[in-house]
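The structure is shown first, followed by the description.

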Amino acid sequence: MARYLSIFLCCARACLVRDMTFRANFLLECLTSVGWMSMNLAFYLLVFTFTSEIGRNTGWTREPFFAFVATGLIINAIVQAFFMPSAEELTEMVRTGGLDGVLVQPLDAQFLLSMHRFDFSSLANGFVGIGLLVWALVRMEQAPPPIAWLLYPLTILCGVAILYSLIVMLAAATILMGRNQSLYDFWFYLTNFSRYPAEIYAGPWGSPLRALCTFVIPILLVVNVPARVIAQPFAGQTWGWVAAAVVAAGGALLLSRVVFQAALAKYRSASS
Amino acid sequence: MMALLPPSDLQASAREPGPLQAWMNSWRIWWTMLVICLEERLVYRGDFILGTLMRFLPIVTQVFLWTAVFGATSRGDIAGYSRNDIVAYYLLTMVTRAFSSMPGLASGIARSVRDGSVKKYLVQPVDYIGYLLAARIAHKLVYYAVATLPFAAVFFFCRSYFPPLPDASTLAAFGLSLVLSFFLGFFLEATLGMLGFWFLEVSSIVFAYMLVQYLLSGHMFPLDMLAGIPSGIPGVSLASLVHWLPFEYTAYLPAAVWLGKIKGADLVWSLVIEAGWVVVMAVACRIAWRRGTRRYSAFGG
């Protein structure tokens, strides 16, 4: 474990050195990333000029909703910074045969393939997310109880674990298909469902969609659970949400491991 | 008389095509470029179909979001849009974006400048902007061929959100605004790409453009919602300010035309302005190409 941690830190340091070599580019990437996020925040502010709540009696008024958005920013920043760049590189590695070099290393292939390239500029949104969270929480009528502060980091980790598992399974599809640009787009569009409170998915079409995105592909648990823990009154059913997130994260990690190993077993080298 | 001319001039005179022949030659070259680009596009058709279908997914979340917003407020409409209007608006902007979005155009031009591949268009009798236009038309034709079915299915499924079919003149105006939005989107992005002659790397400029475009084109929400928001200039709302820019013609206008939000003289005036923007951007693109190629230098094979 210590060996893996030291390799992880070594890769992180190398990527940070690389980013700092092109400081202007790094700064520009941070700015563009924050610009995109600011545009979305402007849209939400516009929405709240027409309504005081997202969904009737859902409790997602302006401040809790912005705490929700902030939680999403933090989780996505972690995933985009630490896992997504490696997964994006995998497509080319499969096509060019670069994957062979990884498979002969005396390390776990999944670890090396999913955690060797980092994009620190993506963390900029995470820092803005923390600022937005503080802004929202100090304006809320009720401060979160101490137990919420304890469970919040845990449920954030569960959200990250679910998204990581999804990325790994899509990476496994890359190994099987050779080219899957659309599947990465699929990841982007699928995570789009996690951007809003689960309560908005109601009615004859919304309820089945909500069930699908909670129990089959647990994408709705990613942001909803930590945001509910920190921004909604802590009640008995919150424990149920937390338990669901922990189980979903564990199950997703396990399933992604199985799928990835099965895909590797089917891999045929593309190199000469 | 002809016999008095030197033999080389005689041959040149015999080869000189007439205006009709020249036009035919030019048309043949353009047609060949279009066919090649069509074949290129169809190589990864499976990936293409999957990508097209998935573009509808964000609309689903928007439908649920606005349904929740309307569910929480007692207002019957927001900025003149009922809940059904907003859903129809988002679906119609998908159609508009299918015409006006030009993925990879600006970055492709800048890349061809950077890696030197643009020089082949300088020595061949092929107009680079014409080639890019043919390639983009081919891309769009394939896209429409593939996307018509999913689009038709989604629109049929969501037909209850739409108002009754507009009259023939509105439909014609809608069609014209779509065609113009294609040309406007093309020349806007091509001009951005031409900046590659000066900056080499334009990805940051393109990203900034995409941000502004996404926000101010009406892709994100109907621009009428900005009507009550001050711009900082006394007496001028943000919506009025946005109307002076070309972006709204690449998403908002055709959708608003279909939904009957712009009618009569306003509609005619909007189409005239859109056509004006197309001309302005086409000229800007041509000027950027001429000036850019004048300062461009390359060597090697």
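How many residues of chain B are in contact with chain A, and with how many residues of chain A? In this predicted model, 33 residues of chain B are in contact with 31 residues of chain A. The size of an interface is often expressed as the accessible area that is lost when the parts come together. Here, the area buried between chain B and chain A amounts to about 3,100 Å², and carbon and sulfur atoms give 76% of that area.

| Quantity, chain B and chain A | Value |
|---|---|
| Buried area | about 3,100 Å² |
| Salt bridges | zero |
| Residue pairs in polar contact (both at pLDDT 80 or more) | three |

On the side of chain B that touches chain A, at least two residues each are supplied by α3 (45-54), α4 (57-72) and α11 (203-216) of chain B. The largest share, 12 residues, comes from α4(B). By residue class, this side of chain B comprises 24 nonpolar, six polar and three charged residues.

The largest nonpolar core has 186 residues. Those with the most contacts inside this core are A:F43, A:I54, A:L99, A:I175, B:W66, B:F186 and B:M194. Helix α8 (residues 146-177) of chain A contributes the largest share of the core, 17 residues.

Which residues does B:W66 contact, leaving aside its neighbours within four places in sequence? B:W66 is in contact with A:F43 and A:V47 of chain A, and with B:I78, B:I86, B:Y90 and B:M225 of chain B.

Key: Residues numbered from 1 in each chain as written. Chains lettered and ligands numbered in written order. Predicted model: local features only at pLDDT ≥ 70, side-chain atom pairs only at ≥ 80, totals over all residues. Heavy atoms only, no water. Contact = heavy atoms within 4.5 Å. Buried area = accessible area lost by both parts, 1.4 Å probe. Salt bridge = Lys/Arg side-chain N within 4 Å of Asp/Glu carboxyl O. Polar contact = N/O pair within 3.5 Å; in protein donor to acceptor, adjacent residues only side chain to side chain. Helix = DSSP H or I, 4+ residues; strand = E, 2+ residues; numbered from the N terminus. Nonpolar A, V, L, I, M, F, W, Y, C, P; charged D, E, K, R; others polar. Core = buried A, V, L, I, M, F, W, Y, C linked by side-chain atoms within 4.5 Å. Buried < 20%, exposed > 50% of the residue type's maximum accessible area, 1.4 Å probe, protein only.
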